[in-house]
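Good morning, colleagues. Please have the display in view as we proceed.

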Amino acid sequence: MITNKKPRSSDTDSNYMRDDRTEMSEEDDRSPPSDSIANGSCLTRTCTPGSGSGSGSGSSSIPEYAAPYPDRVLENVLENVLWFLTSRKDRNAASLVCRSWYRVEAMTRSDLFIGNCYAVSPERATSRFTRVRSVTLKGKPRFADFNLMPPNWGAHFAPWVSATAKAYPWLEKIHLKRMSVTDDDLDLLAESFSGFKELVLVCCDGFGTSGLAAVASKCRQLKVLDLIESEVSDDEVDWIMCFPDTETCLESLIFDCVECLVDFDALERLVVRSPSLKKLRLNRFVSIGQLYRLMVRAPQLTHLGTGSFSPSEDVAQGELELDYVSAFAACKSLVCLSGFREIVPDCLPAIYPVCANLTSLNFSYANISAEQLKPIISNCHKLQTFWVLDSICDEGLQAVATTCKELRELRVFPFDAREDIEGPVSEVGLQAISEGCRKLQSILYFCQRMTNAAVIAMSKNCPDLVVFRLCIMGRHRPDHVTGKPMDEGFGAIVMNCKKLTRLAVSGLLTDTAFAYIGKYGKIVRTLSVAFAGDSDMGLKYVLEGCPRLQKLEIRDSPFGDTALLSGLHHYYNMRFLWMSACRLSHQGCQQIAQALPHLVVEVIKHEDVVHMDDYADTLYMYRSLAGRRHDVPQFVSIL
């Protein structure tokens with residue numbers, strides 16, 4: 001029995017980029033830098049007074065829309081136009097047409113997206129958008145997942161929950177990513193929103209089981225409680241027992257990241273009382289025998305996280321004799337399977353009956369071999385999303401390529417993140433995938449060795465790629481066959497993949513690779529760079545050549561002040577720029593702050609970093625309508 005629970009970051013993987021296993025998309029509609037709070041979105045129309053959740057009257061009702069126009073016809077026309085605008089990009093553009101459109105767009109927006117919690121103050125957001133029913137907030141930048149940001153940096157949920165509690169008592173949904181959330185925040189949330197239905201916490205921290213207990217006990221209409229890659233402290237409160245004793249509205253319950261025991265009998269009763277439950281992801285403390293009991297009581301599940309997928313330590317003989325195959329066979333609606341936290345490979349045949357129907361399979365915690373994977377993957381003809389450890393080797397990826405012709409997304413994570421080992425996957429597996437899975441749109445691939453030829457083949461075989469993230473572990477590794485830089489491979493990706501919006505580069509790269517990105521990456525919105533580049537020209541090519549660039553993440557690269565200053569024309573159009581362990585001086589950072597006064601320029605100091613000359617440890621800058629934040633820790637200087 002092997003435990004594969006991995007933190008989102010660790011000392012062993014601090015020198016390369018690693019993806020957290022999260023589901024909230026990083027690819028967002030591009031939004032203009034305007035006073036329209038450009039990171040908002042509306043997905044549904046909400047124009048009828050009193051249509052909110054909760055009691056439907058009094059303080060929990062959405063206020064009636066008082067039209068600011070004498071011409072009622074104009075108001076109706078605008079509302080009907082906005083009915084068709086479902087993306088953030090379209091709605092933001094509409095809000096810039098004129099003052100009338102600006103006002104009506106704000107009045108008809110029900111879903112609010114804030115891509116950076118410091119981009120606008122809670123008070124400003126709630127005063128403009130008065131009829132919001134769903135809020136999505138993002139806090140820390142992604143590099144916080146790699147131990148590149150000191151703890152207690154910020155991104156506190158407290159001011160947001162306080163403001164929304166006053167402004168939106170009818171609020172139904174809150175989605176948070178990389179936010180600092182306390183038990184008091186969750187208690188206020190549960191007390192304030194009488195009709196609250198959906199809470200999703202992705203990569204959040206600061207809260208514990210006491211806060212979850214408040215949500216479970218007080219949010220009587222709760223449909224979704226998803227805890228994804230979040231850090232939850234054990235307050236010795238069994239939050240599962242706090243759900244109502246009556247029938248619940250639960251449709252999704254995800255708690256696979258919670259590192260503490262739950263009362264299984266209470267969980268079983270909760271599943272029985274939740275006839276609408278479709279998604280259930282269990283933590284590693286739930287044994288395969290307990291999983292069997294839950295599956296028998298909830299055959300309607302469409303998404304299942306299996307927990308440990310191994311017998312409990314004090315397993316009884318009866319648990320070994322359970323008919324797991326029949327339990328899985330009875331779940332005829334199952335399309336998404338994950339978990340396998342402490343897998344016993346002998347139990348894998350139990351999932352054979354559902355393989356033919358799966359569209360998503362997550363083995364990113366399962367240390368299985370190619371031989372163990374083959375009988376499973378050979379039946380997964382409908383599979384569109386596959387996450388796996390590199391323990392399956394190139395042979396396992398070849399099996400995937402043979403069967404999974406509908407594959408759209410592939411993520412291959414490292415089982416052993418050390419640089420000085422001979423990795424089990426290589427260009428052989430990547431080329432096989434490109435030849436067999438030609439509908440691929442997104443790939444994250446960790447490996448120790450790669451060739452330009454394999455990457456070029458992928459660019460030609462998979463032209464629909466939107467996301468390409470190749471993480472060659474180890475610093476400055478060239479094409480391991482020719483010994484040349486990986487410039488031509490990444491150049492082919494940006495040249496041939498016309499839909500590419502997200503790119504992560506690694507390996508030995510010269511300025512030539514960045515020249516390719518600047519010349520051909522015209523719609524790239526997110527770029528991640530690690531241990532790459534020759535000089536300031538590399539970054540200059542990108543900043544001058546990628547007009548739609550929104551998020552730029554750079555670490556341990558030779559870019560300095562000249563490169564930084566070359567992007568002055570573009571920084572107001574970007575959501576953020578992160579540069580750590582580069583060659584930026586404090587004077588260069590100060591020049592940016594003086595030239596762009598409406599940009600927040602933070603210089604972060606790390607205690608464990610040896611300070612060299614006048615170089616800044618980390619630069620993090622972002623656009624903001626709120627200006628300098630008020631919760632600045634001592635290790636952060638805002639210029």
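Is Phe468 buried or exposed in this predicted model? Phe468 is buried, and its relative accessible area is 1%. The ring partner of this residue is Phe490, and the two form an edge-to-face pair, with 6.1 Å from centre to centre and 70° between the planes. Because Phe468 belongs to strand S16, residues 467-472, and Phe490 to helix H16, residues 487-496, the pair ties together parts that are 22 residues apart in sequence. Phe490 is likewise buried, with a relative accessible area of 1%.

Tyr620 and Tyr622 are both buried. They also belong to one aromatic cluster, together with Tyr118, Phe143, Phe146, Trp153, Phe576 and Trp578. Over the whole structure, the search finds 20 aromatic pairs.

Rings also meet charges here. The charged end of Arg88 sits over the ring of Phe113, 4.0 Å from the ring centre. Arg341, in turn, lies over the face of Tyr365, at 3.8 Å from the centre of that ring.

Let me turn to the strands. Why may strand S2, residues 134-138, be described as largely enclosed by the rest of the structure? The reason is that 5 of its 5 residues are buried. On one side these are Ser134, Thr136 and Lys138, and on the other Val135 and Leu137, so that both faces are covered.

S2 has a parallel partner in strand S1, residues 111-114, to which 4 bridges join it. Within this pairing, Leu137 of S2 is the bridge partner of Ile114. Between S1 and S2 the chain passes through helix H4, residues 122-128, in a right-handed β-α-β crossover. S2 also pairs with strand S3, residues 173-177, again in the parallel sense, over 5 bridges. There, Thr136 stands opposite His175. The passage from S2 to S3 runs through helix H5, residues 158-167, and this β-α-β crossover is right-handed too.

Finally, a word on confidence. The protein chain has a mean pLDDT of 88, and 86% of its residues reach 70 or more. Residues 1-19, however, stay under 50, with 74 contacts beyond four places in sequence in the model. The pLDDT is also below 50 over residues 24-58. Where pLDDT is low, predicted coordinates should not be read in detail.

Terms used: Residues are numbered from 1 along each chain as its sequence is written. This is a predicted model: local features need pLDDT of at least 70, side-chain atom pairs count only at pLDDT 80 or more; totals for chains, interfaces and linings use all residues. Side-chain values use heavy atoms; hydrogens and water are left out. Buried means under 20% relative accessible area, exposed over 50%, partly exposed in between (1.4 Å probe, protein chains only). Helices (H or I, at least four residues) and strands (E, at least two) are DSSP runs, numbered from the N terminus. Two strands pair if DSSP finds at least two bridges between them. A crossover is right-handed if, with the strands pointing away from the viewer, the path from the first strand over the helix to the second runs clockwise. pLDDT is the predictor's confidence in each residue, from 0 to 100. Contact means heavy atoms within 4.5 Å. Rings of Phe, Tyr and Trp (its six-membered ring) pair if their centres lie within 6.5 Å; planes under 30 degrees apart count as stacked, over 60 as edge-to-face and the rest as tilted. A charge sits over a ring if NZ of Lys or CZ of Arg is within 6 Å of the ring centre and within 35 degrees of the ring normal.
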